[in-house]
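This report goes through the strand pairing, backbone exceptions, contacts, aromatic pairs and nonpolar cores of one model. The sequence and structure come next.

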Amino acid sequence: MNKIFPQGDGNDNAAGAKALPGGEGAQICVTLTNRTGFLCHDRRSCIPASRVCDGIRTCSHGEDEAEAMCRDMPQSLPSFLVAHCGDPSSWIYSDQKCDGANNCGDCSDELSPVTACPPCGPGWWRCPSTVFGYCGCIPRSLCRDLVQHCSDWSDEYSCPGP
């Protein structure tokens, strides 16, 4: 089940949802994959942050594509949906931070000092990546595939594979 942050302001939001500034009544939740989400007006559907203002109505009433929220991105988005990159003029959706992919283009969404991401997960191999799409970890599915993905070749010689 999706996690919805507890309410503490006494208003009549349902089931512990918390309204946050920005995006009139926009509410934060945590998706089943433990990522930042947007709570739909039905107060049950928690969609990933990156599915807001993507041109597809994901919430049953379309509030994830509301014109007021999507007109001047990222300024018009609720702050909990936005993460800033190392380059102050660049941004990503908050659920794309620490996901293993180089969403910012400079790895600032995956590596410190901008982001404090946990170490590589069980399906990943930590190495200095040579592949633009990854930063400090590569998927283990790329290990021992006879293609260099790590600058030290550890993906071919040390990584145990998937």
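Strand β4 runs antiparallel to strand β5 (residues 46-48), and three bridges join them. Two strands pair if DSSP finds at least two bridges between them. Helices (H or I, at least four residues) and strands (E, at least two) are DSSP runs, numbered from the N terminus. Within this pairing, the bridge partner of G37 in β5 is P48. β4 and β5 make a hairpin with six residues between them, and R43 in the turn has a positive phi of about 60 degrees.

The model is predicted: local features need pLDDT of at least 70, side-chain atom pairs count only at pLDDT 80 or more, and totals for chains, interfaces and linings use all residues. Residues are numbered from 1 along each chain as its sequence is written, and side-chain values use heavy atoms, with hydrogens and water left out.

β3 and β4 form a hairpin with five residues between them. The turn contains N34, which has a positive phi of about 65 degrees although it is not a glycine. N34 is exposed, with a relative accessible area of 54%. Buried means under 20% relative accessible area, exposed over 50%, and partly exposed in between (1.4 Å probe, protein chains only).

C53 is another non-glycine residue with a positive phi, of about 60 degrees. C53 is found in the loop between β5 and α1, and at 13% relative accessibility C53 counts as buried. Further along, the peptide bond from M73 to P74 is cis, with omega near 5 degrees. P74 lies in the loop between α1 (67-70) and β6 (82-84).

D95 belongs to the loop between β7 (91-93) and β8 (124-126). What does D95 touch, not counting residues up to four places away in sequence? The contacts (heavy atoms within 4.5 Å) are with R35, T36, P48, A49 and S50. The C-alpha atoms of D95 and A49 are separated by 5.7 Å, although the two residues are 46 apart along the chain. The side chain of D95 makes a polar contact with the side chain of S50 at 2.8 Å. A polar contact is a pair of N or O atoms within 3.5 Å; within protein, one must be able to donate a hydrogen and the other to accept it, and residues adjacent in sequence count only if both atoms are side-chain atoms. D95 counts as buried because its relative accessibility is 9%.

Rings of Phe, Tyr and Trp (its six-membered ring) pair if their centres lie within 6.5 Å; planes under 30 degrees apart count as stacked, over 60 as edge-to-face and the rest as tilted. By this rule the count comes to three aromatic pairs. The table gives two of them.

| Pair | Class | Centre to centre | Angle between planes |
|---|---|---|---|
| W91 and Y93 | edge-to-face | 5.1 Å | 70 degrees |
| W153 and Y157 | tilted | 6.3 Å | 45 degrees |

W91 is partly exposed at 24% relative accessible area, whereas Y93 is buried at 9%. W153 is partly exposed at 37%, and Y157 is exposed at 62%.

A nonpolar core is a set of buried Ala, Val, Leu, Ile, Met, Phe, Trp, Tyr and Cys residues joined through side-chain atoms within 4.5 Å. The largest core has 15 residues, of which F38, V52, L77 and L81 touch the most other members. Apart from it lies another core of seven residues, including C127, I138, C143 and C150.

The unreviewed UniProt entry annotates residues 118-157 as "domain: LDLRAD1-like C-terminal"; such annotations may be inferred rather than shown by experiment, feature names are shortened, and positions are given in the numbering used here. The end C-alpha atoms of this span lie 24 Å apart, and the span is 10% helix and 15% strand.

For the chain as a whole, there are two helices and nine strands, in the order β-β-β-β-β-α-β-β-β-β-α. Buried residues make up 38% of the 162 residues. Among contacts between residues at least 6 apart in sequence, 28% join residues at least 24 apart.
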